[in-house]
Amino acid sequence: MLIDNDPKLDFDDVLIRPKRSELGSRKDVDLVREYTFKHSQDTYEGIPILAANMDHVGTIEMSGEL
């Protein structure tokens, strides 16, 4: 039997601190990004949207919407 003694982190152990911003308002944020893919050199310009790995997000209906 293998016993793993490494410390485990929980949500209470992690502190997420917001980054300071020079923007005056949330409407000044630009969400559009440009990505260049490593192997194909194709580019994507748009708003990146990712689905979380959760039961209610990973449905067939949601994949059609995304």
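Is K8 buried or exposed? K8 is exposed, with a relative accessible area of 55%, where exposed means over 50%, buried under 20% and partly exposed in between, computed with a 1.4 Å probe on protein chains only.

This is a predicted model, in which local features need pLDDT of at least 70 and side-chain atom pairs count only at pLDDT 80 or more, while totals for chains, interfaces and linings use all residues. Residues are numbered from 1 along each chain as its sequence is written, and side-chain values use heavy atoms, with hydrogens and water left out.

The side chain of K8 meets that of D4 in a salt bridge, at 3.0 Å from N to O; the term requires a side-chain nitrogen of Lys or Arg within 4 Å of a carboxyl oxygen of Asp or Glu. By this rule the count comes to one salt bridge.

Strands β1 (residues 33–36) and β2 (residues 43–46) run antiparallel and are joined by four bridges. Strands (E, at least two residues) and helices (H or I, at least four) are DSSP runs numbered from the N terminus, and two strands pair if DSSP finds at least two bridges between them. The hairpin of β1 and β2 has six residues between the strands, and Q41 takes a positive phi near 60 degrees there. Two facing positions are listed here.

| Residue | Opposite residue in β2 |
|---|---|
| E34 | E45 |
| T36 | T43 |

Helix α1 (residues 60–65) contains S63, which counts as partly exposed at 48% relative accessibility. S63 and A51 lie twelve residues apart in sequence, with 8.7 Å between their C-alpha atoms.
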